[in-house]
Amino acid sequence: MSFFALKIIALLSMLWDHVTYVWPLTLTVEVLFFPDVSESIPALLVLQRATDYIGRIAAPIFLFSIANGYRHTRNFKKYALRLLIFACLAEYPYYLLFGFHGNIMFTLLLGLLTLRLMDWGNEKRTGLGYVLAAGVIAAAQYLSLTEGKGSYILFILVFYWTENWPFRKKALLWLFLMPLSRYGLVWMLFSEQLFTYRWLHMLCINAVGPLLGVAFTFFYNGKKGPSFPGDKYLWYVFYPAHLLVLGLANAKMQGLW
């Protein structure tokens, strides 16, 4: 699977996730096709919960793309600057849609800078880079300033370190790492004995769902794939643009615009 194909899968997954955030699948289908129904149709609720996993595919692929991009970029400074510019452009649309700050492009930028810091530190002294990277991850996790916090930065590093690992070894690592990164949900589930279907579903889509995105990266064939003028900016432009459209639509529906 080419890098272009991975990006398209991630974009479609993200679009699905954000569109159904504004127009939930169950509610939309009922309004359009079953306007006289007074209660939610169970089959539609099951369908919605099943399709929630589609939206969890995107993030791991975007994190993988940073590890891959760092390895192959010809100009690190331009790469980082491009992420910074579009992260800033996406911040207001992100806030408009979700009501809080710290869109994922800032996370990707921080992950890219952490990779650079890690390599720089290890050039100065063996192991120093890993200590610096651990410090960034801990700070990002504690401060919670961007989407995914320190876990997403760790995932970028893992994608970078394990590029040439055999399939089985990578799969076992992610099967352990992804649920572990959701320790907060796991702890809340057991400590407060929230053994309800809703909480189990939330745990599954956040701890198991992203593994679908990780699985797609295993099929990356090292090729760029189809190219066209401006293809490099497809993701950068699409991200803030679709957030703005959906954010305005959501504000309109809530009477805020």
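# Close-up views of a predicted all-helix model

**Figure 1. The lining of the largest cavity.** The largest cavity is lined by F64, A67, N68, R71, F159, E163 and Y220. The model shown here and in the views below is predicted. Helix 4 contributes 4 residues to this lining, the most of any element. Sorted by class, the lining residues of the largest cavity are 4 nonpolar, 1 polar and 2 charged. The volume of the largest cavity is about 40 Å³. At a threshold of 30 Å³ or more, the structure has 1 cavity.

**Figure 2. The whole chain, for orientation.** The protein chain has 13 helices and 0 strands. Read from the N terminus, its elements run α-α-α-α-α-α-α-α-α-α-α-α-α. The chain counts 257 residues, and 43% of them are buried. Among contacts with a separation of 6 or more, 71% join residues 24 or more positions apart.

**Figure 3. The second largest pocket.** This pocket has a volume of about 840 Å³. Its lining takes in 27 residues, of which F3, G69, R82, K224 and K232 are the closest to the centre. Four elements are named as giving two or more residues each: helix 1 (3–22), helix 4 (58–72), helix 5 (76–98) and helix 13 (234–253). Helix 4 has the largest share of the lining, with 6 residues. By class, the lining of the second largest pocket holds 12 nonpolar, 7 polar and 8 charged residues.

**Figure 4. Aromatic pairs around Y236.** The whole structure contains 18 aromatic pairs. One of them joins F86 and Y236, with ring centres 5.5 Å apart and planes at 45°, a tilted arrangement. F86 belongs to helix 5 and Y236 to helix 13, so this pair ties together parts that are 150 residues apart in sequence. F86 and Y236 are both buried. Y236 also pairs with Y233. That pair is tilted too, at 6.3 Å centre to centre and 55° between the planes. Y233, at 36%, falls between the 20% and 50% limits, so Y233 is partly exposed.

**Figure 5. A cluster of aromatic rings.** Ring pairs join F3, F64, Y152, F155, F159, W174 and Y220 into a cluster. Among these, F64, F159 and Y220 also line the largest cavity. F3 is one of the residues closest to the centre of the second largest pocket.

**Figure 6. Charged side chains over rings.** Two arrangements are shown. R116 lies over the face of F76, 4.4 Å from the ring centre. K169 places its charged end over the ring of W165, at 4.2 Å from the centre of that ring.

**Figure 7. T217 and its contacts.** T217 is part of helix 12 (residues 209–217). Its relative accessibility is 5%, so T217 counts as buried. Leaving out residues up to four places away in sequence, T217 touches L6, P60, I61, F64 and F159. F64 and F159 are also members of the ring cluster and of the lining of the largest cavity.

**Figure 8. T162 in a loop between helices.** T162 sits in the loop between helix 8 (149–161) and helix 9 (167–181). With a relative accessibility of 3%, T162 counts as buried. Beyond residues up to four places away in sequence, T162 touches K170 and L173. The C-alpha atoms of T162 and L173 are 9.5 Å apart. In sequence, T162 and L173 are 11 residues apart.

**Figure 9. H242 in helix 13.** H242 is located in helix 13. At 7% relative accessibility, H242 is buried. Apart from neighbours within four places in sequence, H242 is in contact with M14, L15 and H18.

Note on methods
Residues numbered from 1 in each chain as written. Predicted model: local features only at pLDDT ≥ 70, side-chain atom pairs only at ≥ 80, totals over all residues. Heavy atoms only, no water. 1 Å grid on protein atoms, 1.4 Å probe; cavity = no way out; pocket = protein on both sides within 12 Å on 5 of 7 lines; lining within 4 Å. Points joined across faces, edges and corners; volume = space filled by probe spheres on them. Nonpolar A, V, L, I, M, F, W, Y, C, P; charged D, E, K, R; others polar. Phe/Tyr/Trp six-rings, centres within 6.5 Å; stacked < 30°, edge-to-face > 60°. Buried < 20%, exposed > 50% of the residue type's maximum accessible area, 1.4 Å probe, protein only. Lys NZ or Arg CZ within 6 Å of the ring centre and 35° of its normal. Contact = heavy atoms within 4.5 Å.
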